[in-house]
Amino acid sequence: MALALSVLLACAGVVLGHHPPAYGHPRPAYGHQQPSYKHSYCDPKKAPACAANSTLTYCLEDPEYPEYEIKGAISADHLFAKKYADIADQSADDLVDMVTKAQEEAFDYSYYTGASTGASPYDATHWAGPEGYICPSDVAYARPRRAQNVEGKWRVIVNDVHYYTQTARLETCLFPEAACRALAPCYKSHCTQKYVYHRLLSFDPCDAYKGLFIDIYKLPSACSCHVPA
């Protein structure tokens, strides 16, 4: 009887004690969740950490500055020497007529209230004070490390990597729209912010494969007095 059963199973293609070989692909394990792959998206218009709680479109300090990546991009760029140029030592001695570096650095507007904005009265600080510009401003010969280009995209600026720098004179109004110092109310003057376009060697933190390239930035250049017609 046992012999007949064995013969019957053998004819059916079943071998006792052995598992049939698994041909092809293994069966999917139903009931188990498949892994989900998430691709991170880098938004070039999102303000970086260095610009948090700031209205400026540039950062002079950047704790997340990708120095290692910038050094690698410089080493890989055979045209870097042709793209790069800077005058690192800048001051009023070279860029402001009839004002020396020592004079500009000594300008102090801490006394000034800027109370002549709008309908506010012209107080004493409007009429008197030490040497300075007619429109109080903050002047910095700076090396931006990150900035927003004219398209609204944030880029990393090649600065203070190895010995490479890119210096810009930044002048920002301390009291924009305030009346120009020492001018009478009848002039209806006001201080206005001016900008210039700077071309700076840059790096895209969202796409390192671009390497180094020249990008354009709008940066504050002067605080001027405007007298309307």
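Q: Which charged end sits over the ring of Y65?
A: That's R145: its charged end is 3.9 Å from the ring centre of Y65. "Over a ring" here means NZ of Lys or CZ of Arg within 6 Å of the ring centre and within 35 degrees of the ring normal.

Q: And what lies over the face of Y195?
A: K218 does, at 4.7 Å from the ring centre.

Q: What kind of model is this, and how are residues numbered?
A: It's a predicted model, where local features need pLDDT of at least 70, side-chain atom pairs count only at pLDDT 80 or more, and totals for chains, interfaces and linings use all residues. Residues are numbered from 1 along each chain as its sequence is written, and side-chain values use heavy atoms, with hydrogens and water left out.

Q: What's the average pLDDT?
A: The protein averages 87, and 82% of the residues score at least 70. pLDDT is the predictor's confidence in each residue, from 0 to 100.

Q: Where does pLDDT stay under 50?
A: Over residues 7–16, for one, where the model has two contacts beyond four places in sequence. Residues 34–38 are also under 50, with zero such contacts. A contact means heavy atoms within 4.5 Å. Where pLDDT is low, the predicted coordinates should not be read in detail.

Q: OK, the fold. How many helices and strands?
A: Six helices and seven strands. These are DSSP runs numbered from the N terminus: helices are H or I with at least four residues, strands are E with at least two. From the N terminus on, the order is α-β-α-α-α-α-α-β-β-β-β-β-β.

Q: How much of the protein is buried?
A: Buried residues make up 34% of the 229 residues. Buried means under 20% relative accessible area, exposed over 50%, and partly exposed in between (1.4 Å probe, protein chains only).

Q: What share of the contacts joins residues at least 24 apart?
A: 70%, counted among contacts between residues at least 6 apart in sequence.

Q: Switching to cysteines: how many disulfides?
A: The count is five, taking a disulfide as a pair of cysteine sulfur atoms within 2.5 Å. With the bonded cysteines numbered in sequence order, the pairing goes 1-8, 2-3, 4-7, 5-9, 6-10.

Q: What does C42 pair with?
A: C206, with S to S at 1.9 Å. The link is left-handed, with -60 degrees about the S-S bond. C42 is in the loop between helix 1 (2–11) and strand 1 (58–59), and C206 in the loop between strand 6 (190–203) and strand 7 (212–226), so the pair ties together parts 164 residues apart in sequence.

Q: Which cysteine is joined to C135?
A: C191, with S to S at 2.1 Å. That link is left-handed too, with -95 degrees about the S-S bond. C135 is in the loop between helix 6 (124–127) and strand 2 (137–142), while C191 is in strand 6, 56 residues apart. Both C135 and C191 are buried.

Q: And is the C180 to C225 link left-handed or right-handed?
A: Right-handed, with 105 degrees about the S-S bond; S to S is 2.0 Å. C180 is in the loop between strand 5 (168–173) and strand 6, and C225 is in strand 7, 45 residues apart. C180 is buried, with a relative accessible area of 0%, whereas C225 is partly exposed at 29%.

Q: Back to rings. How many aromatic pairs are there?
A: Eight in the whole structure. Rings of Phe, Tyr and Trp (its six-membered ring) pair if their centres lie within 6.5 Å; planes under 30 degrees apart are stacked, over 60 edge-to-face and the rest tilted. One of them is F107 with Y133, whose centres are 5.0 Å apart and planes at 85 degrees, so that pair is edge-to-face. Both F107 and Y133 are buried.

Q: How do the rings of Y112 and F175 meet?
A: Their centres are 5.0 Å apart and their planes at 80 degrees, so they're edge-to-face. Y112 is in the loop between helix 5 and helix 6, and F175 in the loop between strand 5 and strand 6, so the pair ties together parts 63 residues apart in sequence. Y112 is buried at 5% relative accessible area, but F175 is partly exposed at 24%.

Q: Which residues form an aromatic cluster?
A: F80, Y84, Y163 and Y164 form one.
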